[in-house]
Amino acid sequence: MSYAAAPLPAETPPHTGGLLLLLDGTAGLLTVAALGIALLLFLIMKVRLQPFVALLAVSIAVGLAAGLSVTELFGTVQKSAAVSVLESGMGGILGHVAIIIGLGTMLGAVLEVSGGAEVLSGRLLKVFGEKRAPTAMGLTGLLFGIPVFFDVGIFVLAPIVYAAAKRSGKSVLLYCMPLLAGLSMTHAFLPPHPGPVAAAGLFHVSLGWVILMGVLVGIPSVLAAWAYAAWIGRRIFVPVPQDMVEAAEEAKAAVAAEQQAAGVTPREDPVPLGTVLAIIGTPLVLILAATFSSIALDPSTGRSVIEFFGNPFVALSIALLLAYYLLGIRRGWSRKSLESVSTASLKPVGNILLVVGAGGIFGAVLKASGIADALATTFDDVGLPVILLAWLISVVLRVAQGSATVAIVTTAGIVVPLVEGQDMSQPHLALIIMAISAGSICASHVNDGGFWMVSKYFGISERDTLKSWTVLETVLSVAGFVVAALLSLVV
């Protein structure tokens, strides 16, 4: 089942009375599009304008330049039945994304505070042994990265990397790079992370197909990244950063103090591993079951029940309630502490949702102004496959401005019109989303906050971070695109 965004206003041909439109026809629209993207990059990179504000400003400028009237963009004071382009763009995408990201964020917070990450990594290290500790770290990042954001994963799991590297006397890179590859893969390819969820909303693709294709594309990609991590980890020695070890201990003490203030009393016995895996896996299994039931089963009461529980909103709500009970109430948390942890986790989400919403506005402006059709015609004349164009555009935007989320939502706004009317299947559209997501993580460098987070958390010099982390992300990106492109030939 797909979750369509709110309908856009009735499409009209580009107006010749636009405020800034100086050229007629396709050439003028393409010029406006190119100048709009250039302005977006300038505002984010040089002016250092917040991405939400930059996207909103550029969307308005592009709309006016392409010939949309003020009334079409903003609506009227009387708020007639017609919905403005800005409202439809923002409301359409956030109606799909906001609930999923909110529920996923709270789920990740409960798993984090309850100690689920330490249990997961500890058991994997025990199973794989000292020699295969890098593999265990990679699997920890892969599994724990499903419900938590990338930066949270680093914060929670970095002390485990320090301990493993200190115990073995080997380079920190040998342990942190597989972990980072796992976290990055899930962040790029799998819901409930903002990028794939936002793209699914813009393309009107079921999250079940996004999850399935995310797994099929992500697993080979992360294996390629792990191979590079093992290679670079043996060639560059980075000692355990003692200052970060001390900082991690202070952070752990601060978290414990916060838990105590919130009424959370940690239990001595660790969280059962099976409980952690069950909570992480529940929404994925339910959503996938609903997706396949719509294909394999005829309409019936049983299929309706499966699709109800497999709705992303319902599936994530069930997982969150399970986490509340199994990791919270059953382990001595008060209702107040559950509320405190959940509320605190939502504070960083506002910026993400605003950026995603502004990306939805940008796509709506491109469509309503006629720029999208002009881009579709031009790219079709070029003759390159849509999936390749999607990856290339995403790579350029990522390398230019650093934000994966901005790269995804901007690229999706450009690419969606290219696939409209082509009667592409849901799986094929999901693979195009994978290509966009893969491009959004390519070549992380100095304009990306993740680059500095990796460098500082693990005590890696800028030069060695470029050799390790930047190349690791590029391997993950290229491998993800290649796998998605190959799958698109048979789907």
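Begin by selecting helix H13 (residues 301-310), which holds both Arg 303 and Glu 307, 4 residues apart, or about one turn of the helix. Helices here are DSSP runs (H or I, at least four residues), numbered from the N terminus. The model is a predicted one, in which local features need pLDDT of at least 70, side-chain atom pairs count only at pLDDT 80 or more, and totals for chains, interfaces and linings use all residues. Residues are numbered from 1 along each chain as its sequence is written, and side-chain values use heavy atoms, with hydrogens and water left out.

**Salt bridges**

Show the side chains of Arg 303 and Glu 307: they meet in a salt bridge of 3.0 Å, N to O. The term denotes a side-chain nitrogen of Lys or Arg within 4 Å of a carboxyl oxygen of Asp or Glu. Both Arg 303 and Glu 307 are buried. Buried stands for under 20% relative accessible area, exposed for over 50%, and partly exposed for values in between (1.4 Å probe, protein chains only). The whole structure contains 4 salt bridges.

Next, select Lys 367 and Glu 420, whose side chains form a salt bridge of 3.4 Å, N to O. This pair links distant parts of the chain, 53 residues apart: Lys 367 belongs to helix H16 (residues 349-369), and Glu 420 to the loop between helix H19 (404-419) and helix H20 (426-439). Lys 367 is partly exposed because its relative accessible area is 23%. Glu 420, at 39% relative accessibility, is also partly exposed.

Proceed to Arg 398 and Asp 448, where the side chains meet in a salt bridge of 3.0 Å, N to O. Here too distant parts of the chain are linked, 50 residues apart, with Arg 398 in helix H18 (residues 386-401) and Asp 448 in the loop between H20 and helix H21 (449-457). Arg 398 is buried, with a relative accessible area of 4%; Asp 448 is buried, with 11%.

**The largest cavity**

Which residues lie nearest the centre of the largest cavity? Select Pro 191, Pro 192, Pro 283, Leu 284 and Leu 316, which hold that place among the 13 lining residues. A cavity is a set of points, on a 1 Å grid over the protein atoms alone, where a 1.4 Å probe fits but cannot get out; lining residues have an atom within 4 Å of a point. The volume of the largest cavity is about 100 Å³, and the structure holds 2 cavities of 30 Å³ or more. Colour helix H4 (85-113), helix H10 (207-233) and helix H12 (273-296), each of which supplies at least two lining residues. H12 gives the most, with 4 residues.

Stay with Pro 191 and Pro 192: the peptide bond from the former to the latter is cis, with omega near 10 degrees. Pro 192 is placed in the loop between helix H8 (173-189) and helix H9 (194-203).

**Two loop residues**

Select Arg 48, in the loop between helix H1 (25-45) and helix H2 (51-65). Its phi is near 60 degrees, a positive value in a residue other than glycine. Is Arg 48 buried or exposed? Arg 48 counts as exposed, because its relative accessibility is 63%.

End at Asp 423, in the loop between H19 and H20. The phi of Asp 423 is near 55 degrees, again positive in a residue other than glycine, and Asp 423 is exposed at 77% relative accessibility.

How values were computed: On a 1 Å grid over the protein atoms alone, a cavity is a set of points where a 1.4 Å probe fits but cannot get out, and a pocket is an open set with protein on both sides within 12 Å along at least five of seven lines; lining residues have an atom within 4 Å of a point. Grid points are joined across faces, edges and corners, and a volume is the space filled by probe spheres set on the points.
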